[in-house]
Amino acid sequence: AALDRGVVVTDASLFERATGIDVLALDKTGTLTAGEMALHERYDDEGSLAGAAAVERFAEHPVARAVVDAAEEADPTSEDLEVTEFEPHPGEGARATVDGDEVVVGKRSLLEAEGLAVPDDLAARDDAARDAGQVSTLVGWDGAARGVLVAGDQARDGWGATLSTLAAEVNTVVVLT
């Protein structure tokens, strides 16, 4: 029955010992979530999603895939942009020339290091997303950030009910992110 609910038990004595649990810690990623990133929100100028996706097509991380998927869904012709001079910045983002414009995608610190100003409204959106535990990616060109793309993991169906049930049985439930 546990396996039917996505719980793998490797030691049956776990059920005997589980009655004395005071604190239960769960890893969020892949346990309460599906482990797949998706774009949840966009705060952007025209063209920033397509520009970000053009750069992210060359990156190899889950957020990049979420940005590319969202751009393809929004506009299948976004793949037609010409991209040259891709330059990854591991842990920070990437930059590339997209249809002649130098486009930078990534953390605010990368955009600022590349000389792009981050307007207050986009900085606030970036901060709010990060405070909510989401992944915020800025995109900019021509001297300024133009958008914030907010991605996050997809919650598994029924995760709220699962946590409620566990909380009723255990003194403390902790979700690790």
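Here is a short chat about a helix pair and an aromatic pair in a predicted model.

Trainee: How do helix α3 and helix α4 pack, roughly parallel, roughly perpendicular, roughly antiparallel or oblique?

Mentor: Start with the two helices: α3 covers residues 48–56 and α4 covers residues 62–74. Their axes sit 8 Å apart, at an angle of about 130°.

Trainee: What classes of residue make up the contact of α3 with α4?

Mentor: From α3, the residues involved are L49, A52, A53 and E56. They meet A64, V67, V68, A70, A71 and A74 in α4. Sort them by class and you get no polar residues, 1 charged and 9 nonpolar.

Trainee: Which residues form the aromatic pair, and how is the pair arranged?

Mentor: A search of the whole structure turns up 1 such pair. F58 and F86 have their rings 5.5 Å apart, centre to centre, with 35° between the planes. Under 30 degrees would be stacked and over 60 edge-to-face, so the F58 and F86 pair counts as tilted.

Trainee: How far apart in sequence are the parts that this pair ties together?

Mentor: F58 is in the loop between α3 and α4, while F86 belongs to strand β3 (residues 83–89). So the pair links parts separated in sequence by 28 residues.

Trainee: Is F58 buried, partly exposed or exposed?

Mentor: Buried would need under 20% relative accessible area, and exposed over 50%. F58 has 44% relative accessibility, so F58 counts as partly exposed.

Conventions. Residues are numbered from 1 along each chain as its sequence is written. This is a predicted model: local features need pLDDT of at least 70, side-chain atom pairs count only at pLDDT 80 or more; totals for chains, interfaces and linings use all residues. Side-chain values use heavy atoms; hydrogens and water are left out. Axes are lines fitted to C-alpha atoms, for helices over the stretch in contact, and angles run from 0 to 180 degrees between N-to-C directions. Helices (H or I, at least four residues) and strands (E, at least two) are DSSP runs, numbered from the N terminus. Contact means heavy atoms within 4.5 Å. Ala, Val, Leu, Ile, Met, Phe, Trp, Tyr, Cys and Pro count as nonpolar, Asp, Glu, Lys and Arg as charged, and the others, Gly among them, as polar. Rings of Phe, Tyr and Trp (its six-membered ring) pair if their centres lie within 6.5 Å; planes under 30 degrees apart count as stacked, over 60 as edge-to-face and the rest as tilted. Buried means under 20% relative accessible area, exposed over 50%, partly exposed in between (1.4 Å probe, protein chains only).
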